[in-house]
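Take a moment to look over the chain before reading on.

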Amino acid sequence: MRILVTGATGFIGMRATNYLAEQGYDIIATGRKKIDQYGIHSNIRWQHGSLDDLDFCLALTENVDVIVHCAGKAGTWGSYESFYKANVVITENLLAAAQRSQVKRFVQMSSPSIYFDFKDQHNLKEQDLPKYFSNHYAKTKFESEQKVLLANSETFKTIALRPRFVIGAGDNNVLPRLIKLQRSSCVQIGSGKNEISVTSIGNLLDAISLAILASEEVMGEAYNIANAEPENFWDFAESLSSRFGTTHRRVKVPRYLMLTLSRINEFLARIMRRQDEPMFLPVPVAALGQSMTLDTSKAAKRLGYRATHSTEEAVNEFIAWYKEHLPSANNKQKRFSSFTEFWPFYLEHHQNPTNQALHIFGFVLALFVSIYALVKQESVYLVGIPLITYSFAWVGHIFFERNSPATWRNPFYSFRAYFKMIFYLVCRRKIP
Ligand SMILES: NC(=O)c1ccc[n+]([C@@H]2O[C@H](COP(=O)([O-])OP(=O)(O)OC[C@H]3O[C@@H](n4cnc5c(N)ncnc54)[C@H](OP(=O)(O)O)[C@@H]3O)[C@@H](O)[C@H]2O)c1
């Protein structure tokens with residue numbers, strides 16, 4: 001059987017690609033960015049491109065039996081159009097191409113974010129939809145899911161999975177955000193009693209397998225997927241940060257107060273036309289202080305789903321992966337053996353646009369001072385140059401990027417990377 005996995009450069013798609021290849025399926029993996037994953041399994045063939053392009057989708061789906069559609073845009077920031085394009089349009093293209101290429105089955109990675117309603121929600125069932133969707137992500141995920149389910153027919157079988165809070169090795173979203181939040185804040189939102197469902201990636205992969213093989217009468221529907229037992233959110237967050245040695249005494253703050261502040265923050269960020277996603281937005285803030293658990297009995301009954309992988313297992317594999325792959329994971333600056341190894345680490349520490357702007361500002365000011373010192377033949381001014389560049393960079397790191405500068409353990413690489421980054425930013429070139 002030949003399976004096309006979309007979003008294979010992302011967390012779930014990548015794990016699904018490798019898992020299904022291990023099961024012996026013939027896999028076509030697709031995503032936009034080029035990644036270092038070639039040749040892991042001989043039965044995976046990569047085809048890069050954007051699913052915005054219908055012709056590309058048609059080429060991809062040729063001779064494919066099943067599509068596992070994991071591509072999409074998650075998050076809480078961005079225009080409705082950007083979410084619509086990344087979640088609805090690409091799904092429409094893929095559905096059209098699949099039907100033309102006579103693909104037999106379509107498994108859609110949907111999301112329980114569609115249930116989110118700014119209140120405690122326990123044992124949510126698949127039909128428990130809110131009156132209004134909480135943000136563009138939820139709305140467009142629901143729209144795309146409905147298109148998939150409505151396409152279900154005698155010859156083309158479709159199904160949607162709604163996994164909550166997927167965790168495991170490769171997670172670049174849920175747990176990294178939680179770690180960042182735990183490091184930068186000592187606030188506990190709400191009573192601390194809220195419970196959440198999480199999904200170990202192993203359980204989601206089992207659910208994908210079941211969906212691929214499920215009998216025809218259970219198709220055309222959406223299914224909640226989660227681990228067997230919910231977690232107390234704050235205990236879960238605290239045990240995760242203790243693994244990195246960063247536990248805090250937490251100050252309890254009422255949920256309504258944080259929600260009001262986050263709405264003000266969202267309003268200001270919108271009028272300032274902020275491009276990058278602010279940390280403090282209503283949906284994530286509310287999610288930290290409220291319960292959201294899923295009832296997975298429909299998946300158990302109709303798909304035969306059993307959550308056999310524990311949360312602990314997924315957290316352990318995540319931590320091992322995170323420490324190896326993200327240099328900042330240990331919260332220490334390690335030594336690097338080459339500039340090529342150092343460069344991704346440097347970029348990871350310079351993501352914030354205000355921090356980047358402050359680096360450029362410090363650089364330009366230092367350039368003027370050097371020219372002035374040369375023209376005036378006053379070398380004493382040169383002493384001020386490191387002071388100027390460092391002070392702007394430090395303000396950027398401490399107040400905006402909220403990390404420590406990458407300089408101390410790697411002064412020479414850092415110096416070189418500083419010039420390289422400034423060059424790309426000033427020339428407005430895409431940073432490699
Ligand atoms: N992670 C969770 O907890 C969770 C929970 C419920 C549902 N989901 C859903 O599961 C899916 C995968 O999530 P994830 O965590 O794996 O996300 P991710 O790591 O951000 O991966 C998203 C993938 O989508 C691809 N993509 C986006 N737009 C594309 C386009 N126009 N053409 C081709 N590829 C495109 C990306 O490709 P490039 O990076 O190569 O551009 C990437 O491979 C998403 O639809 C998400 O809504 C996730």
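A quick word on domains: their bounds here come from an automatic or database domain assignment. Keep in mind, too, that you're looking at a predicted model. For this protein chain, the assignment gives domain 1, made of residues 2-171 + 197-228 + 292-323, and domain 2, residues 339-426. Taken over C-alpha atoms, the centres of domain 1 and domain 2 are separated by 42 Å.

Now let's zoom in on strand S4, residues 66-69. Side chains in a regular strand alternate between the two faces of the sheet. You can see this in S4: Val-66 and Val-68 point one way, while Ile-67 and His-69 point the other way. Are these residues buried or exposed? Val-66, Ile-67, Val-68 and His-69 are all buried.

Who are the partners of S4? Strand S1, residues 2-6, runs parallel to S4 and is joined to it by four bridges. To find one spot in that pairing, look for Leu-4, whose bridge partner in S4 is Ile-67. S4 also pairs with strand S5, residues 105-109, again in the parallel sense and over four bridges. Here, Val-68 has Val-107 of S5 as its bridge partner. Follow the chain from S4 through helix H3 (residues 80-100) to S5, and you've traced a right-handed β-α-β unit.

Next, the ligand. How many residues are around it? There are 28, and those that come nearest are Gly-7, Gly-10, Gly-31, Arg-32 and Gly-72. Helix H1 (11-22) and H3 are the elements that give two or more residues to this shell. H1 provides the largest share, with three residues. Sort the shell by residue kind and you get 13 nonpolar, ten polar and five charged.

Asn-63 isn't a glycine, yet it has a positive phi of about 60 degrees. You'll find Asn-63 in the loop between helix H2 (54-61) and S4. Why does Asn-63 count as exposed? Because it has 11 C-beta neighbours inside 10 Å, and the cut-off for exposed is 12 or fewer.

The other one is Asn-123, also not a glycine, with a positive phi near 50 degrees. Asn-123 is found in a strand, S6 (residues 121-124). Asn-123 has 14 C-beta neighbours inside 10 Å, so it counts as partly exposed.

Definitions and conventions:
Residues are numbered from 1 along each chain as its sequence is written. This is a predicted model: local features need pLDDT of at least 70, side-chain atom pairs count only at pLDDT 80 or more; totals for chains, interfaces and linings use all residues. A residue is buried if 20 or more other C-beta atoms lie within 10 Å of its own, exposed if 12 or fewer, and partly exposed in between; C-beta atoms are placed from the backbone. Two strands pair if DSSP finds at least two bridges between them. A crossover is right-handed if, with the strands pointing away from the viewer, the path from the first strand over the helix to the second runs clockwise. A residue is near a molecule or strand if its C-beta atom, placed from the backbone, lies within 6 Å of it. Ala, Val, Leu, Ile, Met, Phe, Trp, Tyr, Cys and Pro count as nonpolar, Asp, Glu, Lys and Arg as charged, and the others, Gly among them, as polar.
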